[in-house]
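Please walk through this structure with its charged side chains in view.

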Amino acid sequence: MIELRQVYAGYGGGNVLCDISAQFEPGKVTAVIGPNGCGKSTMLKTVAGIRRPSSGEILCDGKSQVVFSDREWAREVAYLPQSRNIPEITAERMVLHGRFPYLSYPRRYRKEDRERVRDALRQVGAETLAGEMVGSLSGGQRQKVYIAMALAQDTGTVLMDEPTTWLDIKNQIEILELMKKLAENGKCVVAVLHDLDAVLQYADQVILMHTGKIIADASPMQVCGSPEIEKVFGVKIEIQQTGESRHCYAMRADDPV
């Protein structure tokens, strides 16, 4: 389990996150939502160890982040950023990068590393892409390769910053279903999402952020149906349930009903 206790963090001496306390549990998909610039990405980067808290504490299974080396922390938490460079290497080579925390320099891949890579590509349905150049892949295929790299890292926690952005509907669904499957297999999955329908369908926990603070932390229905949504986004939300599916409809808060 990942726990944040009264965390402040930011850039250049200024705090973007203000007094953040939250828990991310194994076996759950936690969706982080909120308007642009509210601190969602900064929170994921801070948990990933890319940014350091200016105060407060981050713990993994009760142990403070500060007692881990960078390589040790990378064995606990994998991070899939919102945007990244496209290297001129094969998909298999890209996924092998996920094994770096387990290798000393110079890096020599072992049999177990290559087995982890094959298994990760299989989990995301991208086995046939192993020999393809990353730059030649479609957006959806590339995203699967990046997720496979995070899985090859073999961590208990996987952080994903807007993993469905720019993907077509089919690939969005495949990525969301993969997130759910990872959680069902015991991983702690934390994802920044913008689609409230996807949040209702796939998340177990929702954290709503605004101006660097957590405004709500509860179930998808509790958060998406709360007055805080209107305050933060300036929209009215109506949730309708059809069978086991829930759908979210939004309108501007100042529109006539």
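**Charge pairs, a surface patch and buried sites**

Asp113 and Arg99 form a salt bridge, with their closest N and O atoms 2.9 Å apart. A salt bridge here is a side-chain nitrogen of Lys or Arg within 4 Å of a carboxyl oxygen of Asp or Glu. Asp113 lies in helix α4, and Arg99 in the loop between α3 (91-96) and α4, so the pair ties together parts that are 14 residues apart in sequence. Helices (H or I, at least four residues) and strands (E, at least two) are DSSP runs, numbered from the N terminus. Both Asp113 and Arg99 are buried. Buried means under 20% relative accessible area, exposed over 50%, and partly exposed in between (1.4 Å probe, protein chains only).

The model is predicted: local features need pLDDT of at least 70, side-chain atom pairs count only at pLDDT 80 or more, and totals for chains, interfaces and linings use all residues. Residues are numbered from 1 along each chain as its sequence is written, and side-chain values use heavy atoms, leaving out hydrogens and water.

The whole structure holds 11 salt bridges. One of them joins Arg52 and Asp70, whose closest N and O atoms are 2.7 Å apart. Arg52 sits in the loop between α1 (40-48) and β4 (55-60), and Asp70 in helix α2 (residues 70-74), so this pair links parts that are 18 residues apart in sequence. Arg52 is partly exposed at 45% relative accessibility. Asp70 is exposed at 57%.

Lys170 and Glu174 also meet in a salt bridge (2.7 Å, N to O). They are 4 residues apart in helix α6 (residues 169-184), which means about one helical turn separates them. Lys170 is exposed at 55%, while Glu174 is partly exposed at 26%. Elsewhere, salt bridges that share partners join Arg99, Arg110, Glu112 and Asp113 into one network.

Now turn to helix α5 (residues 139-152), where Gln143 lies. Is Gln143 buried or exposed? Gln143 is buried, with a relative accessible area of 7%. Beyond its neighbours within four places in sequence, Gln143 is in contact (heavy atoms within 4.5 Å) with Leu80, Arg84, Glu162, Pro163, Thr164, Leu167 and Ile175.

Strand β5 (residues 63-64) contains Ser64. Ser64 is buried as well, at 12% relative accessibility. Not counting residues up to four places away in sequence, Ser64 touches Glu57, Ile58 and Leu59.
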